[in-house]
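Please keep the viewer open as you read.

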Amino acid sequence: ILKAIIGGSMEFCQRENIGFEYIKSKMLPATPFGTELIKNITPFGRGEKDLLNEELENLNKLYQKYDTVKSDVNAIRRIFMQIKDVRGSVKFGRDNTLSDIELFEIKILLMHMEKLKPLIERVSKEIGLTGFDMEPVSDAVDILDPECRRIPSFAIYDDYSPELKLIRKRKREIEIKMQESDTAFEELKDKRLAAIVEEEKEERKIREDLSVKLRPYFDRALKNIDVIGRLDLLLEKYRVAKLYPSCLPEITEDVLVLEETTNPFICDILEEKGLKFTPITIDMTIGTTVLTGANMGGKSVTLKTVALNTYLALCGFFVYANVASIPLFDEIVIISEESQSVDKGLSSFGAQIVELKNLLNEIEGKYIFAILDEFARGTNPKEGESIVRGLVALLNKKRAISLLVTHFDHVAELSGSHYQVRGLQGASEDKIAKAL
């Protein structure tokens, strides 16, 4: 189970605020399975480091060698675009008799898988992907295609049953005779009706038999669906990595480094206004890093950029930077006025205190990346400075990496490292804030 928490729970507005939803909006998956994975994507957990590294390594191999498999990838995507989500029919068929429509849907899916298997195997072998092994399903297709014609249609064919073949032959003979005269029509109506009933009974028996024969292949089909969805997702991760300058992040333990990192969401907003984003470099380790700087200096933008790229790395994406080293956190917690809700009936400062209490509870048993934007700005300056100084001293004693923006004096002197942001001088932060 993949899990991440930002500001207590992963809310859309928080993902949107740092620019993650913007990156997702640039992804154009070809299958319903890829669409579902992208919609619900969350970071890998602390116990899934191997899985995260495998995902990043696969993405890196695709990034480095895409041109060598481009034609096969295009062929895969063309098939992907034809796939419909029929998992409901597959799961229903485990305990029930499938209808003609359901058998048709499953046949088409299995035919797509049959075509995809050699293509995906060739791509995986060519560039060294791991974890994308497709199960064979040709025997299952043969069950639904006894004539081996591999055409996108389905019917209860005569070949399924000698009895059905005889019943249909007899029914056709009756129907031919019925056309000879009105008298013959009236005399043979009951015989034709009896033949129809007999035919439907035999067809029902065949559907039951087909459903039973297909059941051993349903787990294979579901496994292949997982492979298809993950490959669709990987291809989209590659595509958004190519949209902006990016790099493979290294998953570290105690050091968070981002060199010349950017935020595509903010970059594009600035570009529309004729402005340019100043890349950010930051190096943090266990303890508290303090960011200070003049108003409109880009402090909040820096926090969003660091949060976005950290989050992307933990979700198995490339990072928008020249170099990136990211620890595998249990949680990323952002506390800022932007994330507070007046619906709780609290002041901005009161809401921050509640979030801080939750953070301090979480920090005892988990590895946290804490991001605090202008904490205690909503109270009087003297008390606020004392609170933030005490908070920095406390966070320095925890096994957590904390990034804190503040305008209070004498706070940076307590931190492990201190950065002063000047990257957006001259830009209108009010306009940027409205756009964000």
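How many of the six residues of strand 4 (residues 287-292) are buried? The count is six of six, so strand 4 is mostly covered, with each residue under 20% relative accessible area. Please bear in mind throughout that this is a predicted model.

## The protein as a whole

Let us step back for a moment. The protein holds 15 helices and nine strands. It has 436 residues, and 51% of them count as buried. Looking at contacts between residues at least 6 apart in sequence, 79% join residues that are at least 24 apart.

Back at strand 4, its partner is strand 8 (residues 400-405), and the two pair in the parallel sense over five bridges.

The loop between strand 3 and strand 4 holds isoleucine 286. With a relative accessible area of 32%, isoleucine 286 is partly exposed, in contrast to the buried residues of strand 4. Isoleucine 286 and isoleucine 401 are 115 residues apart in sequence, yet their C-alpha atoms lie 4.7 Å apart in space. Leaving out residues up to four places away in sequence, isoleucine 286 touches Asp254, Tyr367, Lys398, Arg399, Ala400 and Ile401.

## Strand 2 and its two partners

Strand 2 (residues 255-261) is worth a careful look. With strand 3 (residues 280-285), strand 2 pairs in the antiparallel sense over five bridges. In this pairing, valine 255 has threonine 285 of strand 3 as its bridge partner. Strand 2 is also joined to strand 5 (residues 323-327) by three bridges, and these two strands run antiparallel as well. Here leucine 258 stands opposite alanine 324 of strand 5.

The phi of glutamate 260 is near 55°, a positive value in a residue other than glycine.

## Helix 9 and its two faces

Helix 9 (162-178) has 17 residues and reaches 25 Å from its first C-alpha to its last, close to the 24 Å expected at 1.5 Å a residue. Which residues of helix 9 are buried? They are Leu164, Ile167, Arg168, Lys171, Ile174 and Met178. These residues cover an arc of only 120° around the axis, which means that they sit on the same side of helix 9. An α-helix has 3.6 residues a turn, so residues three or four places apart point the same way.

The face turned away from this buried side carries the exposed residues Pro162, Leu166 and Ile176. Part of the cover over the buried residues of helix 9 comes from helix 10.

## Helix 10 and its bend

Helix 10 (residues 182-243) tells another story. It has 62 residues, but its end C-alpha atoms are only 73 Å apart, short of the 92 Å that a straight helix would reach at 1.5 Å a residue. Where does helix 10 bend by about 50°? The bend is at proline 216.

Cysteine 148 is placed in the loop between helix 8 (138-144) and helix 9. Although it is not a glycine, cysteine 148 has a positive phi of about 55°.

Cysteine 267 counts as buried because its relative accessibility is 18%, under the 20% limit. Cysteine 315 is also buried, with a relative accessible area of 1%. With a disulfide taken as a pair of cysteine sulfur atoms within 2.5 Å, the count of disulfides comes to zero.

Notes
Residues are numbered from 1 along each chain as its sequence is written. This is a predicted model: local features need pLDDT of at least 70, side-chain atom pairs count only at pLDDT 80 or more; totals for chains, interfaces and linings use all residues. Side-chain values use heavy atoms; hydrogens and water are left out. Helices (H or I, at least four residues) and strands (E, at least two) are DSSP runs, numbered from the N terminus. The expected span of a helix is 1.5 Å times one less than its number of residues. The bend at a residue is the angle between axes fitted to the seven residues ending there and the seven starting there. Buried means under 20% relative accessible area, exposed over 50%, partly exposed in between (1.4 Å probe, protein chains only). The arc is that of the directions from the helix axis to the C-beta atoms. Contact means heavy atoms within 4.5 Å. Two strands pair if DSSP finds at least two bridges between them.
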